[in-house]
Amino acid sequence: MNVDHAALLVAGGVGSGLTGSMAGLASLVSYPVLLGVGIPPVAANVTNTVALLSSAAGSAAGSRHELRGQGGRLLRQCAVAAVGGAVGAVLLLSTPASAFERIVPFLVALGGVTLLLRDPLRVWYAKPGFRPPLGFSIFFIAIYGGYFGAAAGVLLLAAMSLAVAEPLPVTNAVKSIVLGASNLVAAILYALIAPVHWTAAALLAAGCLVGSRLGPVLVRRLPERPLRVTIALAALGLAVSLWLNP
């Protein structure tokens, strides 16, 4: 781990914490940074999950106002997310590394497309007819988050926004904590039996803590759409690059 790589990881952590706490996009920044410093895909994925625990901590610290009175709701939803995160982690650890490398471009692309089409998807979801209860949505999104996680936050934010009528900063704060519960369980499993790169995790986590602490402050003031579209396009570009250069 040279100085340039260390600086890139810290800077990537700040960007990841900001985008994660503002729009649920942490992994779309942090995962490519880990690949960029030479960490193999599976090791980068598990290292990313461990490092992003600090993002939940920073978001909680920066969202104390929005989280007031949400204790009961957080306990219920975090419990569901924790079970889903465990299932996702087991799936990852049961998947051969070669298979994971082949599926990663599609997962990244799914995150990018979901971001670009978020508003039409919200309209479709709001139409009369069958809609899964929020608990089911949280569970399945947490499975995806435990397995890979890119754009899991924005999927969770969209599901919560459709199910609960409240200000966006409140939903965003709750989303960060619930997703953190999913990451926590997956990270514990990864720490015990997966190839976590601990130096990279520590550097990335330090940057995430700073970025995620600032994110809730900015989300109260800045428009989210330009950031969302920019990162979605970057995700699609990354997916193409990973597909062409596995």
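The model is predicted, so local features need pLDDT of at least 70 and side-chain atom pairs count only at pLDDT 80 or more, whereas totals for chains, interfaces and linings use all residues. Residues are numbered from 1 along each chain as its sequence is written, and side-chain values use heavy atoms, with hydrogens and water left out.

Helix H2 covers residues 26-36, and its buried residues are Ala26, Ser27, Leu28, Ser30, Tyr31, Val33 and Leu34; buried means under 20% relative accessible area, exposed over 50%, and partly exposed in between (1.4 Å probe, protein chains only). Helices are DSSP runs of H or I with at least four residues, numbered from the N terminus. After H2 comes Gly38, with a positive phi near 95°.

Rings of Phe, Tyr and Trp (its six-membered ring) pair if their centres lie within 6.5 Å, and planes under 30 degrees apart count as stacked, over 60 as edge-to-face and the rest as tilted. By this rule there are 3 aromatic pairs. One of them joins Tyr31 and Phe148, whose ring centres are 5.2 Å apart with planes at 85°, so the pair is edge-to-face. Tyr31 belongs to helix H2 and Phe148 to the loop between helix H9 (134-147) and helix H10 (152-163), 117 residues apart. Tyr31 is buried, at 2% relative accessible area, and Phe148 is buried at 2% as well.

Helix H7 (97-116) and helix H8 (118-126) each supply at least two residues of the nonpolar patch.
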